[in-house]
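Hi,

Here is the structure I promised to pass on. Have a look at it first, and then read my notes below.

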Amino acid sequence: MQDINDKINNMHMGKLIHMLSHEMKRNQPIDKVIKADLTIMQKHILKFILLETMHKDLYQKDIEEEFQIRKSTVTGYVQLMEKNGYLTRESVKGDARKKRLIPTEKAEGLRQAILEDIKLSEKRMEKGIPEEDVITCKHVLYQVLQNLIEKHKEEGKKDE
């Protein structure tokens, strides 16, 4: 047990987060959840759309921000997903330039599998960890994220 504690104490947080991220990607490939005629990136975007539209309206700008990709790239993805029958775009009253993204029935059929996969993944990750430790971990990881976002914003202001 002391060897594990020594290893953890001497490991950089970034390395541990990177290893965790890599392991999550390797053990939960999106191809198993969404067996559809989409590229890997389109599958990630569709998963994002299906989860986010459960509680709010979603626009192309949201995809740009979430995945940090250019407007033209997102436009291409959205147009292809629309052509393949996974999305429709609906003009917003008062601003015809703004188009709300709406999953089609074909896409909606994938939502339950995605939710089940998330549930199983969470259960697997939390196995053997007391609930209060899981909550503490989430708080710590969220603070790490906020620290990195703040650093990124500060560096952006320096470049202006």
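Which helix does Leu51 lie in? Leu51 is in α4, which covers residues 40-52 (helices are DSSP runs of H or I with at least four residues, strands are runs of E with at least two, both numbered from the N terminus). Before the rest, some housekeeping: this is a predicted model, where local features need pLDDT of at least 70 and side-chain atom pairs count only at pLDDT 80 or more, while totals for chains, interfaces and linings use all residues. Residues are numbered from 1 along each chain as its sequence is written, and side-chain values use heavy atoms, with hydrogens and water left out.

Back to Leu51. Its relative accessible area is 21%, so Leu51 counts as partly exposed (buried is under 20%, exposed over 50%, partly exposed in between, with a 1.4 Å probe and protein chains only). Leaving aside neighbours within four places in sequence, Leu51 is in contact with Ile114, Leu115 and Ile118 (contact means heavy atoms within 4.5 Å). Arg111 is 60 residues away from Leu51 in sequence, yet their C-alphas are 7.6 Å apart.

Now the pockets. A pocket here is an open set of points on a 1 Å grid over the protein atoms alone, where a 1.4 Å probe fits, with protein on both sides within 12 Å along at least five of seven lines; lining residues have an atom within 4 Å of a point. The largest pocket has a volume of about 1800 Å³ (the space filled by probe spheres set on the points, which are joined across faces, edges and corners). Its lining has 40 residues, with Leu20, Ser21, Met24, Glu122 and Met125 nearest the centre. By type, that lining divides into 24 nonpolar, five polar and 11 charged (Ala, Val, Leu, Ile, Met, Phe, Trp, Tyr, Cys and Pro are nonpolar; Asp, Glu, Lys and Arg are charged; the others, Gly among them, are polar). Among the elements supplying at least two lining residues are α4, α7 (105-126) and α8 (131-159).

The second largest pocket comes to about 250 Å³. Its lining splits into two nonpolar, two polar and eight charged residues, and β2 gives the most, with five. Arg89 and Leu101 both line this pocket, and they are also bridge partners, Leu101 being in β2.

Finally, β1 (residues 87-92) pairs with β2 in the antiparallel sense over six bridges (strands pair if DSSP finds at least two bridges between them). The two strands form a hairpin with two residues between them, and Gly94 in the turn has a positive phi of about 95°.

Cheers
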